Amino acid sequence: MTARTLLPELPAYAALAEHAKTLASASLEGLFAADNTRARAFTVSAAGLHLDYSKHRVNAQALSSLLQLAEQAGLGQRIEDLFNGAHVNNTEDRPALHTLLRASDGGAQQLRFQEVVAAKARMREIAERLHCGGHTGYSGSTITDVVNIGIGGSDLGPRLVTQALKPFHGQVQCHYVSNVDPADLLDTLAQLNPASTAFIICSKSFRTEETLANGLAARAWMLAAGASTADLDKHFLAVTTNLPAAREFGIPAANCLPMWDWVGGRYSVWSAVGLSCAIAVGWERFAQFLAGAEAMDRHFRGSEAHTNMPLLMSLLEIWYSLFFHASNHVVLPYDHSLQRFPDYLQQLTMESNGKRVSSDGRELQYQTAPVLWGSAGTMGQHSFHQLLHQGTRLCPVDFILPLTTHTGAVEQHRMLVANCLAQSRTLMVGRSLEKARAALLQRGFDDDNAATLAPHLVMPGNRPSSIITMESLNPGTLGALLALYEHRTYCSGQLWRINSFDQWGVELGKEISTDILARLAGASDGSTMDASTEGLISAFRDAQR
């Protein structure tokens, strides 16, 4: 493929480096004081979400240069390429058409779109039958619990969506198992009745080691409870392309839903991988989830750059990673239902953009994806927020804040909102040495002790954060939120000049694991590994005796 110009070679890059020098020590409070329209000018809305990015170390000039960088990088065309089915996943020579899974029109992708429509029809029939209590197991009992067995994108997305939409659940409870550690499955099964439990095995190849191991254990549990092999089709569904392997397991083709190679695992919650979500909330609400994502797709594809929410978030990520050397990014959802959102984003962003070479194979000399982490507010305030406020690392923060609560506990929710807004403001304003000393004097400390302790109370401030708000967390706004971060991730990958859709970095570990597994079981081909690994293999085998 033709080599693409790397970011430092684009004309806007040098201007941005100069802007960064100016803004490195700029006061965010001063930027607000100098422009009484700043909050409004640095806020955009789309698909039920509102992004306030005014508490960032950017001004109009820096933002203009960032937008020029996106234009010079050809990002507009790359966005069209994504939707039009170009092979943006160049190392695997395929498109990345996850947006087609939630589209209401196939556009230029009519053949694939018809496949999606057909799969959705089958998915809807299964979801509605289970959601409404119309499916019975081997004993005639109604299915009341569904266990999704998958890993990575076949687990993180559905698990997040099911938990986030808990207020919309019906009678069927959905559970998730991903860890090959047997405790994960056994702890889940301990609370379930085989006669009223169904399983969904999500594995494109039906060969994923962790998923297959858990699937076989679930199958044995069902047979031990009294089900016959002929009864397995009443209790097992699969999302896979390997129909022969599923059939050998005991799952007929009629119980299998498709996966496509043009949808990566971490982008697959919109597909049949989201079946457990549709069972939990019902098809109508799952359709609203898809529609919320499609609304963000339309915004992303059709908006001018200066109002394009995913693009702006991407440019801020580029700004801090390249010009401020920020190696971390923190996401703090101030909603308990979204507590797994950082886990989901870790795979989305770090598996997508954790790359060291460009899409054409050149080793990159600049920093790419930051480490993403976080947890639900307010819990982090009593642990890692200390680092955010006073640590030596610059960690840009995204606060996620629904403005209303489904719980009805309005006063307690008001406290939650106050904490979120206070954390964002505290990151910005900090506390000076003088104010720290004055606060200590007010607490009753004498002059000497106040002077001694004051440095420990200083917070430098000027630490950047965004706040993403929505009126409520519902299927539509959740769909929009996930699509927002998908598109931000894609834009950042395109700007860094990497392929966001492959994940070769996970392959070698799988290969070595296969070799070690054989050695743990007693096999030996005469080869040796490093002394550390050899010693640990011996320790394991000794412990089994």
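**Entry 1: strand β8**

I began with β8 (328-333), where six of the six residues are buried, so the strand is largely enclosed by the rest of the structure. I take buried to mean under 20% relative accessible area, exposed over 50% and partly exposed in between, with a 1.4 Å probe and protein chains only. Helices here are DSSP runs of H or I with at least four residues, strands are runs of E with at least two, and both are numbered from the N terminus.

I noted how I read the model: it is predicted, so local features need pLDDT of at least 70 and side-chain atom pairs count only at pLDDT 80 or more, while totals for chains, interfaces and linings use all residues. Residues are numbered from 1 along each chain as its sequence is written, and side-chain values use heavy atoms, with hydrogens and water left out.

I then looked up the directions of the side chains in β8. Asn-328, Val-330 and Leu-332 point one way, His-329, Val-331 and Pro-333 point the other way, and all are buried. In a regular strand the side chains alternate between the two faces of the sheet.

**Entry 2: the sheet around β8**

Which strands make up the open sheet, and in what order? I found six strands in the order β1-β2-β11-β10-β8-β9, with mixed pairing. Two strands are said to pair if DSSP finds at least two bridges between them. The strands at the edges are β1 (43-46) and β9, each with a single partner strand, so one side of each has no neighbour in the sheet. From one strand to the next, the twist averages 15 degrees.

I went through the pairs next. Strands of a sheet pair through backbone hydrogen bonds, either parallel or antiparallel.

- β1 pairs with β2 (residues 49-52) in the antiparallel sense over four bridges, and Ala-46 stands opposite Leu-49 in β2.
- β2 and β11 are also an antiparallel pair, with four bridges; Asp-52 has Ile-467 of β11 as its bridge partner.
- β10 and β11 run parallel and share six bridges; for Asp-398 the bridge partner in β11 is Ser-466.
- β8 and β9 are paired in the parallel sense over three bridges, and His-329 is bridged to Leu-372 in β9.

**Entry 3: strand β11**

Is β11 mostly covered or mostly open? I found it mostly covered, as six of its six residues are buried. Ser-465, Ile-467 and Thr-469 point one way from the strand, and Ser-466, Ile-468 and Met-470 point the other way.

**Entry 4: two helices**

I looked up how α12 (residues 283-302) meets α19 (residues 475-496): their axes come within 7 Å and cross at roughly 40 degrees. The axes are lines fitted to C-alpha atoms, for helices over the stretch in contact, and the angles run from 0 to 180 degrees between N-to-C directions. That angle makes α12 oblique to α19, because under 35 degrees counts as roughly parallel, over 145 as roughly antiparallel, 65 to 115 as roughly perpendicular and the rest as oblique. The crossing is right-handed, a term for the near helix being turned clockwise from the far one by less than a right angle.

Which residues make the contact? On α12 I listed Phe-289, Ala-293 and Met-296 among them, and on α19 the list includes Leu-482, His-487 and Tyr-490. Contact means heavy atoms within 4.5 Å. By class, the contact has twelve nonpolar, five polar and two charged residues. Ala, Val, Leu, Ile, Met, Phe, Trp, Tyr, Cys and Pro count as nonpolar, Asp, Glu, Lys and Arg as charged, and the others, Gly among them, as polar.

**Entry 5: loops**

Phe-206, in the loop between β5 (197-202) and α9 (209-224), has a positive phi of about 55 degrees although it is not a glycine. Phe-206 counts as buried at 2% relative accessibility.

Asn-462 lies in the loop between α18 (447-457) and β11 (465-470). Asn-462 also is not a glycine, yet has a positive phi of about 55 degrees; at 18% relative accessibility, this residue counts as buried.

Where is the cis peptide bond that I looked up? The bond runs from Gly-377 to Thr-378, with omega near 15 degrees. Thr-378 sits in the loop between β9 (371-373) and α15 (385-390).

Gly-140 is in the loop between α6 (110-131) and β3 (145-149) and is partly exposed, with a relative accessible area of 46%. Gly-140 and Ala-195 are 55 residues apart in sequence and 7.9 Å apart in space, C-alpha to C-alpha.
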